[in-house]
Amino acid sequence: FPQCSLLNLLVAGLNFSGVVTTNYETTYEHTFAKVQKKTLNVIPVKIAKDSKNWLLKLNGCVSVHDTIVATRKDTLRYMEGNAALAGIVQAKLLTSHMLFIGFSLDDNTFHQVIDSVSKATVNEVRCIGTTVQPFHNLYSGELWSPLIECTAMTEAPKDTMISERMQMESFRKIEIFMDLLFLQSVAFNTEYILDHRFNEILDPKELIHLSQKS
């Protein structure tokens, strides 16, 4: 496996149809390829028409330097030059419930996208996403409510600074939460029954029955 975090492995393992990231690096796509053994659409740098899974790199990718959004000028002109990319995120937010993992919500590009979604739903204020944060932040919860529900793994201390150990423990709780989500997502998954990679655990009678079904 490439150098990656446990969180990357868990997200790749969940096999979401679509993932949006503000990161520039290519860790997730390499991890997905290793975990799922499938082709991944990387928008806007690598479009694979035969793939059902996609990764949208909202702020560009290091593999194509011209796509990177880094300066204030890039951010201000984002909606003008990247309307198609923003439209994908807008559509997902309007039609589904988005889960934010490892994202502080403090990204200017995302702010422009969420503002357009907020304007489009002015007559129907509802929750369109959930963010999992390491520490409870009262201001963040009030700022994004009711559009985004903020769920914290740990209550932030009121009288002391957040120590490195506390940070590590909170991030570990997020990994445990994602592991539980992964477990529940496959609890009733029976796709492996028809997967040839599991033929070795079947007896001869089961193999014959399987070949007749296929």
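Reader: Which residue of β5 is the bridge partner of Leu-99?

Author: In β5 that partner is Thr-130. The model is predicted, with local features requiring pLDDT of at least 70 and side-chain atom pairs pLDDT 80 or more, while totals for chains, interfaces and linings use all residues. Residues are numbered from 1 along each chain as its sequence is written, and side-chain values use heavy atoms, without hydrogens or water.

Reader: What makes β4 and strand β5 (residues 129-135) a pair?

Author: Two strands pair if DSSP finds at least two bridges between them. β4 and β5 are joined by four bridges, in the parallel sense, so they meet that definition. Strands are DSSP runs of E with at least two residues, helices are runs of H or I with at least four, and both are numbered from the N terminus.

Reader: Why are β4 and β6 (148-154) called edge strands?

Author: The open sheet has the order β4-β5-β6 and parallel pairing. β4 and β6 each pair on one side only. Neighbouring strands of this sheet are turned by 20 degrees against each other on average, direction ignored.

Reader: Which strands does α8 touch as it packs on the sheet?

Author: α8 touches β4, β5 and β6, and its direction makes about 145 degrees with that of β5. Contact means heavy atoms within 4.5 Å. The axes are lines fitted to C-alpha atoms, for helices over the stretch in contact, with angles from 0 to 180 degrees between N-to-C directions.

Reader: What makes a set of residues a nonpolar core?

Author: Its members are buried Ala, Val, Leu, Ile, Met, Phe, Trp, Tyr and Cys residues joined through side-chain atoms within 4.5 Å. The largest such core has 22 residues, and Leu-93, Phe-100, Phe-110, Ile-114 and Ile-148 touch the most other members. β3, α5 (83-95), β4 and α6 (108-120) each give two or more residues to this core. Apart from it lies another core, of 14 residues, including Leu-7 and Val-132.

Methods. Buried < 20%, exposed > 50% of the residue type's maximum accessible area, 1.4 Å probe, protein only.
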